[in-house]
Amino acid sequence: MGLIEIIRGDITTLAVDAIVNAANSGLLGGGGVDGAIHEAAGPELFEECLKIAKSRKDNPGGPCPAGDAVITGAGQLPCKKVIHAVGPVWHGGTRGEPDLLASCYRKSLILAEEAGLSSIAFPNISTGVFGYPKEQAAEIAVNTIKRTLPETPGIARVIFVCFDGENYRLYLDFLGPVK
Ligand code: ADP
């Protein structure tokens, strides 16, 4: 089964097979990690996202509804692929947020496996602008990855990339430094 690591840093700098973007349902960029990824990747990534968004424009819930994920190239980034996963906006936890957040992690891992990739880095999806409580989000992220890894034998390495100190400490609490 794949190894799980935790690092503190900027996901755009990682030369892994895939980085996951905490995208929004329009797929056309935004603030936070989404903005950082598009800025570092350049216009090629935006063009690819635009193409997918146009082809899915009649989807209920937007081109990529919460809980769903799509895969693109990586433009100028050092990774090979970007997986755009759309986390739920936190509304107090009564609108299916835990299942939608778990679905982001699960679908991203499966997309990476299907693309023949072996290393994947995740940001702390939904814990920025989308307002998901960080402790609950960390628990879901870790548990979902542990549950899904046995189904994705090609994935050798999963990295949780924590940008802020609070998330970093929470992930260390749930997982220990390296497992
Ligand atoms: P969301 O809308 O899903 O909440 P945000 O981008 O606002 O997405 O925040 C998600 C997480 O990404 C936050 O924990 C934020 O600290 C983190 N983040 C922001 N920039 C980066 C980056 N360059 N690399 C990794 N994580 C980042």
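Student: What percentage of the 179 residues in the protein chain is buried?

Tutor: This is a predicted model, in which local features need pLDDT of at least 70, side-chain atom pairs count only at pLDDT 80 or more, and totals for chains, interfaces and linings use all residues. Residues are numbered from 1 along each chain as its sequence is written. A residue is buried if 20 or more other C-beta atoms, placed from the backbone, lie within 10 Å of its own, exposed if 12 or fewer, and partly exposed in between. In the protein chain the buried share is 46%.

Student: Which residues have the most contacts inside the largest nonpolar core?

Tutor: A nonpolar core is a set of buried Ala, Val, Leu, Ile, Met, Phe, Trp, Tyr and Cys residues joined through C-beta atoms within 7 Å. The largest one has 54 residues, and those with the most contacts inside it are Ala18 and Ile120.

Student: Which helix gives the most to this core?

Tutor: Helices (H or I, at least four residues) and strands (E, at least two) are DSSP runs, numbered from the N terminus. Seven residues of the core come from the helix that gives the most, residues 97-114, which is H3.

Student: What is the radius of gyration of the protein chain?

Tutor: The value is taken over C-alpha atoms, and the globule rule is 2.2 Å times the number of residues to the power 0.38. For 179 residues a compact globule would be near 16 Å; this agrees with the chain's 15 Å.

Student: Which residues of helix H5 are buried?

Tutor: Helix H5 covers residues 165-175. What covers its buried residues includes strand E1 (3-8), helix H4 (134-148) and strand E6 (157-162). The buried residues are Asn167, Leu170 and Tyr171.

Student: Which residues come nearest to the ligand?

Tutor: A residue is near a molecule if its C-beta atom, placed from the backbone, lies within 6 Å of it. Helix H1 (residues 32-41) gives the largest share of the shell, four residues. Of the 21 residues around the ligand, the nearest are Ala22, Gly32, Gly128, Phe130 and Phe163.

Conventions:
Contact = placed C-beta atoms within 7 Å.
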